[in-house]
Amino acid sequence: MLSTTPVIPTQTKVAIFGTASLAFCGILVETSMNVTFPTLMHQFHTTLATVQWVTTAYLLAVAATMVITAFIQQRFRWRTIINVGGAGFVLGGLLCTVAPQLWLLLFGRIIQAIGTGLALPLVFAQIMTQVPFTAQGRFTGTAGMLIALAPSLGPTYGGLVTQLLSWRLIFGITLPFGLIAWLITAKTIRQTQAPRSRPFPLCQFGLVVAALILLIFSVNNLSTHGLSLVFVWLPLLLAVLAVLTFTRSATRTTHPLINLAVFQQGNFTRALLIYFFIQIGLTFLLPNFAQLALGKNALVSGLMLLAGSLCSAILSPLAGKLMDRRGIRRPFQIGSGFLLLATLSLAGLAQHLSVGLIIGLFVGFQIGFSCLFNNALTYGLQQLPPQLMGDGNALFNTLQQYSGSLGTAIMAVLITLGTRMAPSASSTMQTTLGTQIALWFSLIIIMIVAALALTTKPIANMADDQHQSRSSNH
């Protein structure tokens, strides 16, 4: 059979680009705020544990939105979804730009998070349903690179705007770009299947959201209440009960929010755990260490991560090609080595870290990250039959955002632990001690990631099986 280059309508390309651009704006603003915490602490006269909710609440809201994206995309017209998402980004950005108090800033962040949570999954939904199989990899890689540039540029953009102008303009500058992306997408987006009515599992959604919030609440309270029964252990217990109740409900209904049959595939679960644990919060930890302990400004602390983040964005497609050619084990082996070496060096040298040393070690960390992160997603979804692909994709998207939220909360708690352990020391020494504790904790997490990655076994002929099953669907 002759192979022909697939012809993809310009309208489809524009819609995918527009949706990816809107998602880019949302993620750019999200990561930009990581370098503004000392500034926000001073302006709103509050603590790091409180200010970190600017990021934690955002990521939590994105995760909660992404839990229901599979249902939303089947139930509503995609133009309606992108209109709600675009409006959420613009309205939330306006509130954040003018927010006189921290609570209004948090409210605006949550509204923006809902917009990003609706837009991001639509990027890949369009690719998987409207782009021929033979071009899906190219489109996924291109869209993924565009979206991956956001966290790469975020800390630098946030530091530059905060240092030279005002943190409020982080939102104001991105608003017109997000608005244009929204309007372009709304005009060009289409869908191949008409929406269909199905009951919304409200109880299951409530249980998932409750579990996500209670776990974050429990972890965040560690910094202010210690191992309190009411503020830490009780919400943690309720979170576990919510997960168990959701699991029981989802396995007994014909319309679950998430089909838990995906976890019957052991390799999928392994890949999902790698994807979740690898986002441990260094992009929050290192910029705040640079400002609070090294005395650097927001611009320097943002630029400090630029080289590593750009390196990861550039290497991710190359790591994907390595997986295609040599299988999953080679990139996992290379990535695990870089991650272990970089994290061990950061933890061991925590008392002597400088900006230059952080730049070099973060580049090494991001090289390892690029070998594992997107490849774990690809490998995990390859393990699933077509009918479970949407559920698997929803889990990866949700846990990607939630891991960032949980990681930020944990790192904030560990930084403040330095104050408790050395109450009479200077604030610089307290921050350094807390950062060192956080880095040793990060090393433990990376050791778990490496153990999962290095014991991953490729499945023979998986690519051929997936190609045949997807081709038959087309």
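Helix H13 spans residues 282-292 of this predicted model. Nine of its eleven residues are buried, so the rest of the structure largely encloses this helix. The buried residues are Leu282, Phe284, Leu285, Leu286, Pro287, Asn288, Phe289, Ala290 and Gln291.

Which residue touches them? Ser301 does, and it also touches Val35, leaving out residues up to four places away in sequence. Ser301 sits in helix H14, residues 298-303. Is Ser301 buried or exposed? Its relative accessibility is 0%, and buried means under 20%, so Ser301 counts as buried. Its side chain also makes a polar contact with the side chain of Gln291, at 3.3 Å.

Leu282 belongs to the largest nonpolar core, which has 139 residues. Along with Leu40, Leu105 and Leu372, Leu282 is among those with the most contacts inside that core. In soluble globular proteins, nonpolar side chains tend to be buried together. Leu40 is in contact with Leu105, and also with Met33, His45, Val51, Val54 and Trp167, setting aside neighbours within four places in sequence.

Next, look at an open space. The second largest pocket holds about 760 Å³. Helices H10 (202-225), H11 (229-250), H12 (266-277) and H18 (389-421) each give two or more residues to its lining. What kinds of residue line this pocket? Of the 24 lining residues, 21 are nonpolar, three are polar and none is charged. Leu212, Val243, Leu395, Leu399 and Tyr402 lie nearest the centre of the pocket.

Notes. Residues are numbered from 1 along each chain as its sequence is written. This is a predicted model: local features need pLDDT of at least 70, side-chain atom pairs count only at pLDDT 80 or more; totals for chains, interfaces and linings use all residues. Side-chain values use heavy atoms; hydrogens and water are left out. Helices (H or I, at least four residues) and strands (E, at least two) are DSSP runs, numbered from the N terminus. Buried means under 20% relative accessible area, exposed over 50%, partly exposed in between (1.4 Å probe, protein chains only). A polar contact is a pair of N or O atoms within 3.5 Å; within protein, one must be able to donate a hydrogen and the other to accept it, and residues adjacent in sequence count only if both atoms are side-chain atoms. Contact means heavy atoms within 4.5 Å. A nonpolar core is a set of buried Ala, Val, Leu, Ile, Met, Phe, Trp, Tyr and Cys residues joined through side-chain atoms within 4.5 Å. On a 1 Å grid over the protein atoms alone, a cavity is a set of points where a 1.4 Å probe fits but cannot get out, and a pocket is an open set with protein on both sides within 12 Å along at least five of seven lines; lining residues have an atom within 4 Å of a point. Grid points are joined across faces, edges and corners, and a volume is the space filled by probe spheres set on the points. Ala, Val, Leu, Ile, Met, Phe, Trp, Tyr, Cys and Pro count as nonpolar, Asp, Glu, Lys and Arg as charged, and the others, Gly among them, as polar.
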